[in-house]
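Student: Hi! Could we go through this structure together? I'd like to start with how the chains meet.

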Protein chains: 2
Amino acid sequence: MARLRQPAGRSVRRSGGERKPREQRWAQLIEVSTQVFYEKGYEAAALQDVADRVGMLKGSLYYYIQSKENLLFEVISTVHRDGMANIQSRAAIEGDPLQRLENVIIGHVEHTCRNLVPTAVFLHELSALSAERRQEVLGSEHAYQSVFRDLIEQAQRDGLVRPDVEPRLAALSVLGSTNWVYRWFRPGGAFDPETIGAQLAEMAVRGIATDEALAGREHRRVAVPAAGGS
Amino acid sequence: MARLRQPAGRSVRRSGGERKPREQRWAQLIEVSTQVFYEKGYEAAALQDVADRVGMLKGSLYYYIQSKENLLFEVISTVHRDGMANIQSRAAIEGDPLQRLENVIIGHVEHTCRNLVPTAVFLHELSALSAERRQEVLGSEHAYQSVFRDLIEQAQRDGLVRPDVEPRLAALSVLGSTNWVYRWFRPGGAFDPETIGAQLAEMAVRGIATDEALAGREHRRVAVPAAGGS
């Protein structure tokens, strides 16, 4: 899993009362850089654009980062870390593996809807990183996928997922369905994040669950319309 | 739906025996440009790169296209037209709307697996087009989405899809799941295009179908393992 790296350079000076302003500045730098990379694309974006928006001299940026690629790496690591923290907290909520998967899907969709810009930069600019750093992030992309796959595998062992489902393909299918939201969701559009999350989770769970798991799920639900009721 | 535009310029000369070589040259130009845009990214790619690979002088390219953006538009239109032709032919195969959707999904996945490079260029570089041309392609992306949505709506009217499914969200979910394949599929990997297509189609159909539709589907199948059989 990718860790947010400390800002580059002068780490000796990171102590005492100076710490908080620097961390705030760093968070602001990541936020502004994410926006600039989104609007201009990584290739066309310049460190000068970032400096102008945070109100720094370009030279002062080097107190925080060593290069534009270094900055992209930090932006992508940050997006990834936030997304992982979100789905891991959802996966930890009590329930059987299928219920936990449902929670993870809903959480991932809502997080994506509320973080369209960082998600777009993550998905579009990963290939702009050097081979080494791309590898570092690709390793952690698999960690992301593993949260979904592990829950599907557990659910399959528990008889909640059909035996003919390939857990890796199912995880990739769910990730595709939910990541894709960043391409079409617009705030204020026809569907809110909660509706999208609920619909996508429902389709994903039904797509892989055994009949028995679905029957038990209906049974647990309160206020569900009676099947065939009129 | 986007139509492949005629090569720009000198259309007066397009007649008789000259026609075929020119069309071959055009197809080669689109193929090579797609590869160059894929490898370098649209921004970094130069018309000189394309000229070098097709073995033309850069100046001769202007016989076929007016600008690099013009070339990107042609590349993206071509990908889109091929993809549309593929799913429309699948949608036309006889069957109920759910069977036709299943065929469309399988066809789309296999087409994506066999056209990774054009698909990646289409999905990554759409935003590099001018607002006007992007609009032209976005209109046709909706045409693509409509093939899926129309079948889901028909199936819902026929009682084959659950009434609480939102057809637009279901179509976007299926498109996300299947388009995403371009990011992770590699020829010679753990799963072949047929397996991926079959698994993704099965999950998608089960995700939206009514119990009655699924029961009828099982019933129609030959050589399906008996439920609970040992």
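Tutor: Happy to! The contact takes in 30 residues of chain A and 29 residues of chain B. Keep in mind that this is a predicted model.

Student: Okay, and how much area is buried between chain A and chain B?

Tutor: About 2,900 Å², with carbon and sulfur atoms giving 63% of that. On the chain A side, Leu169(A), Trp180(A) and Met203(A) lose the most area to chain B, and together they make up 23% of what that side buries.

Student: Which helices of chain A supply at least two residues each to that side?

Tutor: Those are α8 (167-179), α9 (181-184) and α10 (193-208) of chain A. The residues on the side of chain A that touches chain B divide into 15 nonpolar, 7 polar and 8 charged.

Student: Then how many salt bridges does the structure hold over all chains?

Tutor: It holds 22. Take Glu39(A) and Arg53(A), whose side chains meet at 2.6 Å, N to O. Glu39(A) sits in helix α1 of chain A and Arg53(A) in helix α2 of chain A, so the pair ties together parts 14 residues apart in sequence.

Student: Which residues of chain A are linked in a network of salt bridges?

Tutor: Glu102(A), Glu202(A), Arg206(A), Arg217(A) and Glu218(A).

Student: New topic! How many residues are in the largest nonpolar core?

Tutor: It has 144 residues. Among those with the most contacts inside it are Leu98(A), Leu98(B) and Phe148(B). In soluble globular proteins, nonpolar side chains tend to be buried together.

Student: What does Phe148(B) touch?

Tutor: Leaving out residues up to four places away in sequence, Phe148(B) touches Ile87(B), Leu101(B), Val104(B), Ile105(B), His108(B), Ala171(B), Val174(B) and Leu175(B).

How values were computed. Residues are numbered from 1 along each chain as its sequence is written. Chains are lettered from A and ligands numbered from 1 in the order in which they are written. This is a predicted model: local features need pLDDT of at least 70, side-chain atom pairs count only at pLDDT 80 or more; totals for chains, interfaces and linings use all residues. Side-chain values use heavy atoms; hydrogens and water are left out. A nonpolar core is a set of buried Ala, Val, Leu, Ile, Met, Phe, Trp, Tyr and Cys residues joined through side-chain atoms within 4.5 Å. Buried means under 20% relative accessible area, exposed over 50%, partly exposed in between (1.4 Å probe, protein chains only). Contact means heavy atoms within 4.5 Å. Buried area is the accessible area (1.4 Å probe) that two parts lose on being put together, summed over both. Helices (H or I, at least four residues) and strands (E, at least two) are DSSP runs, numbered from the N terminus. Ala, Val, Leu, Ile, Met, Phe, Trp, Tyr, Cys and Pro count as nonpolar, Asp, Glu, Lys and Arg as charged, and the others, Gly among them, as polar. A salt bridge is a side-chain nitrogen of Lys or Arg within 4 Å of a carboxyl oxygen of Asp or Glu.
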